[in-house]
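Here's a quick briefing to read alongside the structure. Take a look first, then we'll go through it topic by topic.

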Amino acid sequence: MKRIFNQTTIALTMTLATACFAMAQTARAASPAEQAIQAASANNQFAFVMFYRGNDAPTQAMHGTLQTTLANRQDAVIVPVQIGDAAEQALVKHYDATRMPMPATAVLAPNGAVCSVFPQKATSQQLTAAIVSTGQAQCLKALQDRKLVLLCAQPSAGASIPMGVRQFQADKLYENRTEVVTVIANNPAEAKFLQQLRVKTDQPAPVVAFMAPPGVMVGIFNANVSLDDLAQKLAAAGKCCDDENCKHHKSAEASQPSRR
């Protein structure tokens, strides 16, 4: 089973408590860094949150690289956070920043998805690559929220979502943990992401990429994929549910070769 989004392994771990953090934040005033992140989100900008301990050489180097890389971009801001700052302890705790090698930069998409984390140092190329497409950010956020993702690469804006995808999303077993993301297959902004997933972009009908948390590619299907196809592939990947009596579990087990 192919693993995707490897660069975000640290990021995925860091964001498991996102919901709890958001709830706690509503009960108190946002810190300066939290306000800066919220403002970036409202302006559809990526927030490069740089955690640091002191003004040492590695910190100066990372901050310099961030400034140089992002100087001419309107879609990104730098948010420095000194991890000893009393006002920022909730943010520092949320990202478990005290356990990371300092300095470290977490890249947050406007929708809150953690796109990458760079401990100690980063190159301009790495930082630029962390600014992902809207479709990738949507998929990352859903996976970090522990949801199944059905990414539909549509041939046109008016194309219908495949019936099997809609039936899967409506199924009681999956409805609360499934997110359907649509992108236009020939959108240049999504080309790199779709190429990374090996999704064909020249098809006359939708192509479906099925992903499960934390970042597993379950499979790629054409527009004729059915609810049963998706359910069986999910069960075969070990991502269906905990019910041993689930019909999809049994079907997946029956398809496995017998062992002696």
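Leaving aside its neighbours within four places in sequence, which residues is Val 49 in contact with? They are Ile 37, Val 79, Val 81, Ala 104, Thr 105, Ala 106 and Leu 108. Keep in mind that this is a predicted model.

**The cores**

- Val 49 also shows up in the largest nonpolar core, which has 20 residues. Together with Phe 51 and Val 81, Val 49 is among those with the most contacts inside that core.
- Two or more residues of this core come from each of these elements: α3 (32-42), β2 (46-52), β3 (76-82), α5 (89-94), β4 (104-108) and β5 (114-119).
- There's a second, separate core too, with 19 residues, including Leu 66, Ala 76, Val 132 and Leu 140.

**The four-stranded sheet**

- Strands in a sheet pair up through backbone hydrogen bonds, and they can do it parallel or antiparallel.
- Here, 4 strands make an open sheet with mixed pairing, in the order β3-β2-β4-β5.
- β3 and β5 sit at the edges, each pairing on one side only.
- From one strand to the next, the twist averages 15°.
- β2 and β3 run parallel and are joined by 7 bridges. Look for Tyr 52, whose bridge partner in β3 is Gln 82.
- Helix α3 packs on the sheet and touches β2, β3 and β4, with its direction at about 165° to that of β3.
- Helix α4 (residues 57-70) packs on the sheet as well, touching β2, β3, β4 and β5, and its direction makes about 165° with that of β2.

**The β8-β9 hairpin**

- β8 (residues 207-212) and β9 (residues 216-221) form a hairpin, with 3 residues between them.
- The two strands pair in the antiparallel sense over 5 bridges, and Ala 212 stands opposite Val 216 in β9.
- The rest of the structure largely encloses β9, because 5 of its 6 residues are buried.

**Helix α8**

- Gly 164, Val 165 and Phe 168 are buried in helix α8 (residues 163-170).
- Looking down the axis of α8, you'd find its buried residues within an arc of 100°, so they line one face of the helix.
- The buried residues of α8 pack against β6 (148-154), β7 (178-184), β8 and α10 (227-236).

**The cysteines**

- You'll find 0 disulfides in this structure.
- For Cys 152, the nearest cysteine sulfur is that of Cys 139, 9.8 Å away.
- Cys 152 counts as buried because its relative accessibility is 0%.
- Cys 115 is at 0% relative accessibility, so Cys 115 counts as buried too.

Note on methods:
Residues numbered from 1 in each chain as written. Predicted model: local features only at pLDDT ≥ 70, side-chain atom pairs only at ≥ 80, totals over all residues. Heavy atoms only, no water. Buried < 20%, exposed > 50% of the residue type's maximum accessible area, 1.4 Å probe, protein only. Pairing = 2+ DSSP bridges. Disulfide = S-S within 2.5 Å. Arc of directions from axis to C-beta. Contact = heavy atoms within 4.5 Å. Core = buried A, V, L, I, M, F, W, Y, C linked by side-chain atoms within 4.5 Å. Axes fitted to C-alpha atoms, helices over the stretch in contact; angles between N-to-C directions.
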